[in-house]
Amino acid sequence: MKFLENMKVGSKISLLVAILLFFIISLAGYGLFAVRTINIELDGLFKNDLQGLRAAKEANIQLMAASRALRNLVVTAHEQKAEVSNRYLEEYKVMMEKLYQQLDKAHELATSDKVKQMTQDTIAAVKKMQEEQHNVMVS
């Protein structure tokens with residue numbers, strides 16, 4: 001303690017300022033490190049979760065388009081318009097292929113086990129729906 005008692009007032013103030021400056025710089029460094037960590041996590045969130053959500057939305061759009069093509073196919077098949085029916089059948093097949101691609105993409109981008117299971121269940125449900133539609137069309 002004699003060290004502090006022997007120091008002049010100006011030196012004591014300078015030492016206090018140096019200590020406070022050290023703490024401020026340390027806190028700023030920690031803040032920059034935290035911001036960098038948050039940035040890395042947000043990049044991962046965008047890359048995986050948001051892109052997976054986008055793929056799921058695209059899959060939904062493809063499912064609606066495939067549904068529309070299937071309805072058109074049923075209507076034209078009833079009217080015996082073979083060339084139009086074939087066009088709608090091809091459109092249906094293309095839309096279903098795009099649907100499976102989007103669902104696979106969503107599954108690959110899923111980060112949590114719950115989301116992966118949901119995409120697997122969705123793919124299984126779509127396959128089952130497609131099989132049932134095929135059975136109806138054949139009979």
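Colleague: Before we start, what should I know about the numbering and the model?

Modeller: Residues are numbered from 1 along each chain as its sequence is written, and side-chain values use heavy atoms, with hydrogens and water left out. The model is predicted, so local features need pLDDT of at least 70 and side-chain atom pairs count only at pLDDT 80 or more, while totals for chains, interfaces and linings use all residues.

Colleague: What volume does the largest pocket have?

Modeller: About 360 Å³. A pocket here is an open set of points on a 1 Å grid over the protein atoms alone, where a 1.4 Å probe fits, with protein on both sides within 12 Å along at least five of seven lines. The volume is the space filled by probe spheres set on the points, which are joined across faces, edges and corners.

Colleague: How many residues line the largest pocket?

Modeller: There are 20 lining residues, meaning residues with an atom within 4 Å of a point. Gly52, Ala56, Ala106, Val115 and Thr119 lie nearest the pocket's centre. Helices H2 (9-78), H3 (82-109) and H4 (113-138) are the elements that give two or more residues to this lining. Helices are DSSP runs of H or I with at least four residues, numbered from the N terminus.

Colleague: Which helix gives the largest share of that lining?

Modeller: H2, with eight residues. By type, the lining has twelve nonpolar residues, seven polar and one charged. Nonpolar covers Ala, Val, Leu, Ile, Met, Phe, Trp, Tyr, Cys and Pro; charged covers Asp, Glu, Lys and Arg; the others, Gly among them, are polar.

Colleague: Is Thr119 buried or exposed?

Modeller: Thr119 is in helix H4 and counts as buried because its relative accessibility is 12%. Buried means under 20% relative accessible area, exposed over 50%, and partly exposed in between, using a 1.4 Å probe and protein chains only. Leaving aside neighbours within four places in sequence, Thr119 is in contact with Ala106 and His107, where contact means heavy atoms within 4.5 Å.

Colleague: New topic. Which residues touch the most other members of the largest nonpolar core?

Modeller: Ala66, Tyr92, Met96, Leu99, Tyr100, Leu103 and Val126, out of 15 residues in that core. H2, H3 and H4 each supply at least two of the core's residues, and the largest share, seven residues, comes from H3. A nonpolar core is a set of buried Ala, Val, Leu, Ile, Met, Phe, Trp, Tyr and Cys residues joined through side-chain atoms within 4.5 Å.

Colleague: What does Tyr92 contact, leaving aside its neighbours within four places in sequence?

Modeller: Ala66, Ala69, Leu70, Gln130 and Gln133. Tyr92 is also among the buried residues of H3, which include Ser85, Tyr88 and Met95.

Colleague: How far apart are the end C-alpha atoms of H3?

Modeller: They are 41 Å apart, which agrees with the 40 Å that its 28 residues should span at 1.5 Å a residue. The expected span is 1.5 Å times one less than the number of residues.

Colleague: And is Glu108 buried or exposed?

Modeller: Glu108, in H3, counts as exposed because its relative accessibility is 64%.
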